Amino acid sequence: MMLESGFAPTEPGNESSAIVIDWGLNKNIIEDCQQIFTSSLPEFCKALFQQVDDDIYRLIKASTSEAHRTLLFESMWRFQERHEEIRNKYLHTAPQWFFIEYQLNFQEDLPGVNDEEEEEEFAWSSNKDKLEDEARLSLLDDRQLEENVALTTTITKANQAFARELYALDERFAFMQDKPVASAATMPISPILLANSLRDILDEWDDEVIFRITVYQSLNRVFSRYLKKLYRDTNTLLIKRGILPDLKTNHIRNISYEHQPRQSPASKPQEFNTAVSNMALPEVWYQFQGGSPVIQSTANPTLPVLPRYEVLQTLNQLQASVLSEVDTDQIDWASVQEHLRQQVNQALCLDEKGQPSQRVERNDQQVIEVIFRLFDHILGDDTIPSTIRTLLGRLQIPVLKTAIQDPTFVDNEAHPARQLLDSIASAAIGWRNSSDNPDKSFRKQVQRIVERIVAEYEDDISVFENTLQDFRRYLLAREKAQKIMEQRITQALSGKEQLAVAKHKISEILDSPVLSSSPAAVQEIIYKPWADFLTLILLREGEEGKTWNKATAVTEAVEQYFNPELPDSKRQQLRTSIPGIMKAFQKGLDYISINKAKSHEMLGQLLDAFDQTSQASLREATHEPSSRHPQENAPQAEASPGEADEYTRMVDSLREGSWIRVNNEEKQPPLVCKLVWHSQFTHTMLFVDGNGNKALQIKDMQLAEKMREGKVEILEDTSTPFVTRMLNRMRNAFSPADRDNH
């Protein structure tokens, strides 16, 4: 596989056609740079091998297919067996780029190509012929195109993440060659050379495509750690050695791909007066919240006050029975909560005949009221699945006890009991308890935590602290697995769309009456291998790439030559460009691994078509219009919408990581899912559930329409800790009318 840079090492015996980089007086400096690079390579290879093993192992754990797991295991074992061989080849090959001899071809003039670029080269040029290996699969296969996209993505991310460092290095290496960057040899430690050197080594073996894609994704992670130090050390060395071109980097910025958290709604000012906002929540609730209280015997001040220790002992007796036998599929949270209120009131204040016999101290009563109202909101939040809400509901008495013992619970976000509730609730958003759900371990994990707290907690807060630590360790592993699943789903969909978009672009370029009525030999090569070559180059370089521009110039030259409206005199003038066109087609066919014999046959027929057309007018030639089109069923870009309303703007403002709630048919729980990808071409939006599985794929305009219909809503405050969010809802429930009445 050739390097995207357009440079390839010369083969032994072919040195005469090579151009050698002459570093001149800077040779010693280059050797020092090479030494920095060479000394860091063993650690780089070690990190890469470890990262590949870790990533493959995560895929194995996440896979539900035995055949898929076996395939991954076998690929991982083969890769491990080749660790030493890969390392040795990389250590031998990569450092040679500092002094390599570059083969520069393709200097023929082509229509639309600047003469100033004669020293440039097509990215596919090479004397290194790997095309004899007919066992190698064609790069035209969609899976291999995905491999190219994965590698290109890794290179692009590294280029953007280290844009400033690379800019400085490009300028300094060009400075040592006494050339402008545009015509200097590629910087020897650029991401493109490092990545393609690895690919050249991997090309020697026939690995599964999914494994190779994983290797390139692992390479991306290793690049993020490795290249920063390498580029910093190399730039530092060059500065010390006096390589100081005039650098103007103000316009260059590094781009981080880490998600930036949205501003927490909790930072917004609360919508109630200063007197209320400065008041502790129990006092606020006691003064303003109406409705039936939990403790109903406070109206009689003559009743004896139940000591706090007896309150706690009584709650201990209720702790194990709360929501222990509830059918989560048929649960009525209001009835359950009312029943529990009656239990607590009877246990604390009523005698055997149901008459008030004692009362709870006022401060304890305020805490009881607040905790029950808090759990009313928790159990009424349908972003949490009913199964998990039931388990959280069993923690009402333990949380109530810890709040009575420690009044800071309500105001202290660092309280371990609050943090445990926050962690469970946040992790439960979007979780689906379906029969085929591979993440049932989450429910089991929460169940173990709840059962431990219910069984062990009396007054020792360390029970909450220990279970919180255990749960956080579990979440760390779970979140890593979910991220891998999300990346796989997103990359699969975006990769398919990139391919479809590229094919659509090629279809537009080749949709020409001239080409469709050209000789059969022209159509055979244009609509088959050349279309595939254009697709691959477009995927790898984009429309700004030099190779893409030169390849499209070749296409335009062919179309112009076979245009029946072109005067014969003009066509004869174009004959001088035929050798360059033929060479371009030769390199294009080589690049996509067309069989040598087939390639020679097609090129021979194409040359015959050129000769025949130059001898006879195309006006007299008759050809059946081709029914073949280079790409079919390519997606069409969505028509631009009309004037945007508030719902369209809301959809456009959604960022990756945003959660929405989709209200399903009656009696069906809502679908809570997170946005992980939004296409700007087809306007497709991809959402995953809390397990990391694909949950919803929808066009943005369709989503806006569902919002208008009230079927979808955006969950704005999911970044706020869950208990804080519920307490804010309680505070915001105090309307101005309520406050005026008090």
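User: Why does Glu 486 count as buried?

Analyst: Buried means under 20% relative accessible area, exposed over 50%, and partly exposed in between (1.4 Å probe, protein chains only). Glu 486 is at 15% relative accessibility, so it counts as buried. This is a predicted model: local features need pLDDT of at least 70, side-chain atom pairs count only at pLDDT 80 or more, and totals for chains, interfaces and linings use all residues. Residues are numbered from 1 along each chain as its sequence is written, and side-chain values use heavy atoms, with hydrogens and water left out.

User: What makes the pair of Lys 674 and Glu 486 a salt bridge?

Analyst: The term requires a side-chain nitrogen of Lys or Arg within 4 Å of a carboxyl oxygen of Asp or Glu. Here the N to O distance is 3.0 Å, and the pair qualifies. Lys 674 sits in strand E6 and Glu 486 in helix H17, so the bridge ties together parts that are 188 residues apart in sequence. Helices (H or I, at least four residues) and strands (E, at least two) are DSSP runs, numbered from the N terminus. Lys 674 is also buried, with a relative accessible area of 18%.

User: Why is Asp 32 called partly exposed?

Analyst: Asp 32 has 30% relative accessibility, so it falls in the partly exposed class. Its salt-bridge partner is Arg 241, with the closest N and O atoms 2.4 Å apart. Asp 32 lies in helix H1 (residues 27-62), and Arg 241 in the loop between helix H7 (209-240) and helix H8 (274-277), so the bridge joins parts that are 209 residues apart in sequence. Arg 241 counts as partly exposed too, at 38%.

User: How far along helix H25 are Glu 705 and Arg 708 from each other?

Analyst: They are three residues apart, which means about one helical turn. An α-helix has 3.6 residues a turn, so residues three or four places apart point the same way. The side chains of Glu 705 and Arg 708 meet in a salt bridge at 2.8 Å, N to O. Glu 705 is partly exposed at 36%, and Arg 708 is partly exposed at 32%. The structure holds 21 salt bridges. A network of them links Arg 452, Glu 456, Asp 470 and Arg 473.

User: How do you know that the span of helix H22 agrees with its residue count?

Analyst: The expected span is 1.5 Å times one less than the number of residues. H22 (residues 578-591) has 14 residues and should span 20 Å; its end C-alpha atoms are 20 Å apart, so the two agree. H22 is mostly covered, with 11 of its 14 residues buried. Among them are Ile 578, Met 582, Phe 585 and Tyr 591. Just after H22, Ser 593 takes a positive phi of about 65°.

User: What makes E6 and E7 a pair of strands?

Analyst: Two strands pair if DSSP finds at least two bridges between them. E6 (residues 671-678) and E7 (residues 684-688) have four bridges, in the antiparallel sense. Trp 677 stands opposite Leu 686 in E7. E7 and E8 also pair antiparallel, over five bridges. There, Met 685 has Ile 698 of E8 as its bridge partner. Five residues separate E7 and E8 in their hairpin, and Gly 692 in the turn has a positive phi of about 90°.

User: Why are E8 and E9 called edge strands?

Analyst: The open sheet has five strands in the order E8-E7-E6-E5-E9, with antiparallel pairing. E8 (694-699) and E9 (712-715) each pair on one side only.

User: Which strands does helix H25 touch?

Analyst: Contact means heavy atoms within 4.5 Å. H25 (residues 700-708) packs on the sheet and touches E5 (659-662), E6, E7, E8 and E9. Its direction makes about 95° with that of E8. Axes are lines fitted to C-alpha atoms, for helices over the stretch in contact, and angles run from 0 to 180 degrees between N-to-C directions. Helix H17 (residues 462-510) lies across E6, E7 and E8, at about 50° to E6.
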